[in-house]
Amino acid sequence: MSPKLSPRPAIIETARDLLDRDLWVVPTNGKGPIWRAWQSERRTREELEQTLAGNKNLGIAIVLNQSPLIDVEYDKPEGEAALQEMFGGEIPPTPTWQSARGKHRLFRRPDGIAEKCEIVLDGIEFRIGNGKGACAIVPPSKHHETGKPRYWLKGLSLNDVEPAELPANIVERLKAPPAPEPTAEDGEKVKEGKRNNTLFGNACQLKKMGLDEAGIATALLALNVRLCDPPLPVSEVRAIAKSAASGEGVGTGFVENLIREIDLWHDESDDPYATLPQGEHKENWKIDKRSRPFRRWVSKQHYDATGLTLSSGELGDICAMIEGKAVFDGASHFLFRRCGKHDETFYLDLCDPEWRCVEIDAEGWRVVSDPPVKFRRAKAMHALPIPVETPGTELKNLLFPFLNMCEEQWPLLVAWLVAALRPMGPYPILKLLGEQGSAKTTTARVVRSLIDPNAAPVRAEPRSTRDLVIAANNAWILCLDNLSVVKADLSDALCRLATGGGFATRTLYSDDDEQIFDAQRPAILTSIEEIGTRSDLLERCLIIELPSIPAEKRRAEKAFWAEFEKVKPKILGALLDGVSGAIRRLPDIERRTDTELPRLADFHCWAEAAEESFGFAPGVFAEAYAANRANATEIALTSNPFVSALLTHLQSNPDVEATASELLETLLWQGGENQRRMPGWPRAPRVVSAILKRVAPNLRQIGIVVEHGHRGSGNAKEKIWKITGPCDPATPTEDEGGSQKRTGRKLAKSFSRKGKE
């Protein structure tokens with residue numbers, strides 16, 4: 001057994017003296033009482049002395065709700081002057097001690113004080129203890145922050161003076177009900193979102209004054225007509241009166257009144273949300289145990305309505321009730337970020353403090369305050385400017401001066417911008433390539449800021465797919481800057497993000513729950529060298545190569561962005577005009593049957609539908625997109641050493657039938673031992689098969705057919721690859737695809753020459 005600590009005469013003697021005065025005393029650890037139920041369960045003198053003797057760091061406190069005292073305190077330097085003014089210039093002698101930041105004074109408790117834990121008057125805190133209880137930690141207890149003991153002022157200890165009476169003017173203020181919400185006399189009506197709490201707070205005060213349910217209802221009906229704009233229904237006012245009269249203010253009654261004026265709902269993943277009136281607009285807030293803004297809002301509404309503060313447990317219980325009602329009783333809505341859709345109308349969230357959106361349809365666009373779609377805002381999302389009505393044909397004059405790019409690639413950038421303003425994909429990936437100093441990052445920031453400005457406009461490569469998903473879940477456009485390489489898992493994740501595909505990860509703090517993210521997002525990649533050379537990613541890319549910038553054409557960044565921000569509202573207006581035109585013309589484009597659609601067919605149709613609005617001649621985008629696809633095909637075929645070797649081999653052997661192992665050996669023998677040491681050269685036959693499957697669509701574009709077959713039978717049966725090279729240039733194939741095959745032969749020869757080099 002450990003030896004007992006020696007008694008502490010100063011603390012114990014003070015505790016005995018307080019007990020002799022019939023005051024309720026409890027031990028404290030510096031911050032507050034250490035006994036459970038200290039507000040309502042009184043322990044014996046022996047238990048108190050034994051607890052204090054066993055720990056030299058404990059202090060003592062007077063339980064105010066069980067003692068005839070009030071603790072009057074302040075923490076700020078100006079508190080003493082404020083208290084003197086409140087007392088008419090002179091504070092009567094009363095027990096007073098010094099704490100770390102201010103002073104505490106004990107006064108006698110007057111009768112009829114409101115059922116509140118504390119009341120603040122003119123910045124001075126009157127700690128009463130009614131309600132949930134409060135205590136006053138007295139000398140010589142140590143302060144929990146400084147470790148220094150509290151001490152009585154000279155001649156003002158409990159042994160020197162008795163607690164003084166509070167003057168009548170202060171007692172009246174302590175007994176008065178709290179000030180109501182703005183009244184008609186104040187020139188301001190109570191708007192939606194505060195009517196229930198305002199009436200409920202008044203009802204609670206009327207209950208404390210002794211009125212029954214009928215009296216409360218009569219008073220509330222009059223207040224409802226005078227204060228509320230518009231007034232609540234009579235049945236709702238009577239329900240508020242009934243809740244207050246029955247004493248349900250802290251629990252169910254408060255929740256019922258709170259949710260009458262908020263819209264509770266859940267998203268497609270059953271996550272709970274509330275749409276709250278905030279001034280003249282409404283906002284969407286998530287409800288869960290980690291949503292601090294919502295918890296703070298509930299806590300404030302409760303204090304405004306009842307004058308009582310909520311403990312952490314009580315607040316959690318109320319939020320849990322609201323969360324359950326949102327999930328089980330609330331409507332289900334799809335949750336959008338930045339861009340939304342309702343029927344055939346698009347919505348762009350401006351992310352401004354008034355929660356306004358741009359509504360876009362075939363007739364044009366307009367700024368609205370209460371869209372029929374639900375938007376979620378992440379902390380990093382920044383506001384767009386209010387767009388200025390501008391024809392889409394002006395876009396080039398406004399935007400092109402801020403971009404470093406070639407004229408022939410302008411249609412591709414416009415197509416990407418219009419696609420990024422569409423709430424549904426697929427979305428091409430904008431790939432910006434160029435040497436250092438070619439304004440890749442600046443171009444990416446300019447482009448993103450037109451649609452989805454963000455606190456972090458460009459980001460580094462994510463460390464994992466989970467990080468990519470989190471970034472995409474909290475923004476509309478994903479921008480990865482200065483990439484040196486795109487690894488296989490990131491390449492596959494970007495493909496799913498562009499054309500759709502689910503991501504799943506384990507829910508935090510759980511063993512078997514999954515968090516599903518299934519969405520599409522526009523993306524931007526920037527790099528000095530060619531990255532992301534896998535054919536499936538290249539098929540989804542719009543590749544824009546930025547030229548170098550001569551020194552005489554460089555501009556100071558501060559001046560550049562200042563000029564850009566001036567014209568940004570007009571640029572956004574021109575983009576929105578193009579989106580409206582695309583909505584109007586899209587049905588005609590989709591009805592056409594004479595167009596062979598490539599991969600990302602929906603994007604291709606959408607871009608063609610927007611051509612006219614931006615002043616492009618018909619077919620300009622299709623031509624630019626075809627050149628982009630040919631460039632992507634060339635990159636996919638020449639970036640892989642195995643494919644380059646295969647193209648060289650096909651020049652002399654246009655028909656190949658071989659297993660993956662045989663094909664690997666043949667190309668190794670043909671290229672020599674140095675071939676094996678080339679980066680990206682396959683080390684096993686299964687890798688050869690994977691490469692052929694991935695590049696088969698690209699090879700088909702240049703007239704090379706890759707098929708999977710079998711050779712032999714029985715136990716000797718084996719899988720082989722059948723690869724047929726392009727026809728001899730002297731004997732072109734005359735069919736509907738003849739022109740395409742001739743183009744394919746030229747590309748194939750060009751690629752094979754590069755492979756030999």
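## Sheets, helix pairs and an aromatic stack

An open sheet of 4 strands runs in the order S15-S16-S17-S18, and its pairing is antiparallel. This is a predicted model, in which local features need pLDDT of at least 70 and side-chain atom pairs count only at pLDDT 80 or more, while totals for chains, interfaces and linings use all residues. Residues are numbered from 1 along each chain as its sequence is written, and side-chain values use heavy atoms, with hydrogens and water left out. Helices (H or I, at least four residues) and strands (E, at least two) are DSSP runs numbered from the N terminus, and two strands pair if DSSP finds at least two bridges between them.

- Strand S15 (339-342) and strand S18 (364-368) are the edge strands, each pairing on one side only.
- From one strand to the next, the twist averages 25 degrees; axes here are lines fitted to C-alpha atoms, for helices over the stretch in contact, and angles run from 0 to 180 degrees between N-to-C directions.
- Strand S17 (residues 357-361) pairs with S18 in the antiparallel sense over 5 bridges, and cysteine 357 has valine 368 in S18 as its bridge partner.

**The sheet S6-S7-S3-S5-S4-S9**

- Here 6 strands make an open sheet in the order S6-S7-S3-S5-S4-S9, with antiparallel pairing.
- Strand S6 (118-121) and strand S9 (151-152) are at the edges with a single partner strand each, so one side of each is left without a neighbour in the sheet.
- Strand S3 (residues 69-74) and strand S7 (residues 124-127) run antiparallel and are joined by 3 bridges; aspartate 71 has arginine 127 in S7 as its bridge partner.
- Helix H3 (residues 79-86) lies across S3, strand S5 (103-108), S6 and S7, at about 70 degrees to S7.

**An aromatic pair**

- Rings of Phe, Tyr and Trp (its six-membered ring) pair if their centres lie within 6.5 Å; planes under 30 degrees apart count as stacked, over 60 as edge-to-face and the rest as tilted.
- By this rule there are 17 aromatic pairs.
- In one of them, phenylalanine 87 and phenylalanine 107 have ring centres 5.5 Å apart and planes at 25 degrees, so the pair is stacked.
- This pair links distant parts of the chain, 20 residues apart: phenylalanine 87 is in the loop between H3 and strand S4 (96-98), and phenylalanine 107 is in strand S5.

**Helix pairs**

- For the terms used below, angles under 35 degrees count as roughly parallel, over 145 as roughly antiparallel, 65 to 115 as roughly perpendicular and the rest as oblique.
- The axes of helix H14 (residues 465-473) and helix H15 (residues 488-499) come within 10 Å and cross at roughly 30 degrees, so H14 and H15 are roughly parallel to each other.
- Thr465, Leu468 and Ala472 of H14 make the contact (heavy atoms within 4.5 Å) with Asp489, Leu490, Ala493, Leu494, Arg496 and Leu497 of H15.
- The axes of helix H13 (residues 440-449) and helix H17 (residues 557-591) come within 12 Å and cross at roughly 20 degrees, so this pair is also roughly parallel.
- Thr442, Arg445, Val446 and Ser449 in H13 meet Glu557, Phe560, Trp561, Phe564 and Lys568 in H17.
- Helix H19 (residues 620-638) packs on helix H23 (residues 685-701) at an angle of about 125 degrees, with axes 10 Å apart, which makes H19 oblique to H23.
- Arg629, Thr633, Ala636 and Leu637 of H19 make that contact with Val695, Asn698, Leu699 and Gln701 of H23.
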